[in-house]
Amino acid sequence: MKHTAKRFAALLAALVLALCLSIPAFAAAPLVRDEMGLFDADTYSQLEASAEAASDGHDCDVYFLVVDSIGDTDQRQYAKDYYLANGLGSGSEQSGILFLLAVGSRKYVTITYGKGVTAFTDYRIEQQEDEIVPQLSDEEWADAAYTYIDMCDDALDYYADYGEPIDVD
């Protein structure tokens with residue numbers, strides 16, 4: 001009986017340890033947040049994989065957030081509040097970039113935190129928005145998301161390679 005209890009305790013301890021070690025994997029927050037259901041499952045999965053690849057190795061997460069409406073709320077304040085309330089970002093500085101699309105309110109904004117502030121200049125953010133806003137106007141939601149993520153990936157790679165952000169010069 002004692003051997004059975006010891007084996008059970010050892011098995012239970014091993015399961016608890018395995019669960020504790022796997023918690024960080026479960027805790028990873030999605031980078032693509034489609035709170036409106038714009039994207040089908042396949043598109044969502046591909047966008048999430050692209051955002052993960054863009055973020056990987058840069059200590060700066062790339063987020064694309066879709067909500068229905070934010071009413072009269074200022075989009076920049078809404079995005080900042082959402083970012084902080086959801087504990088987004090990489091590392092202690094919560095480094096990241098987030099594009100908010102409020103479809104029903106017809107509002108959008110890009111915000112940055114931590115390392116995202118230095119990796120993405122106003123010039124680069126303007127370039128990104130210039131590319132994706134026409135796609136949004138045409139309701140090409142997935143194309144806009146892919147374009148945004150790809151341009152973030154390029155900017156983060158450039159920043160990693162050259163130690164400076166893409167800027168006017």
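Which residue in strand 3 is the bridge partner of phenylalanine 64? It's phenylalanine 99. The structure here is a predicted model, where local features need pLDDT of at least 70, side-chain atom pairs count only at pLDDT 80 or more, and totals for chains, interfaces and linings use all residues. Residues are numbered from 1 along each chain as its sequence is written, and side-chain values use heavy atoms, with hydrogens and water left out.

Helices (H or I, at least four residues) and strands (E, at least two) are DSSP runs, numbered from the N terminus, and two strands count as paired if DSSP finds at least two bridges between them. On that basis, four strands make an open sheet in the order 1-2-3-4, with mixed pairing. Strand 1 (32-34) and strand 4 sit at the edges, each pairing on one side only. Strand 2 (residues 61-67) runs parallel to strand 3, joined by seven bridges.

Strand 3 (residues 96-102) then pairs with strand 4 in the antiparallel sense, again over seven bridges. One of the pairs here is alanine 102 with lysine 107. The two strands form a hairpin with four residues between them, and arginine 106 in the turn has a positive phi of about 55°. Strand 4 (residues 107-113) is largely enclosed by the rest of the structure, because five of its seven residues are buried (under 20% relative accessible area, 1.4 Å probe, protein chains only; exposed is over 50%, partly exposed in between).
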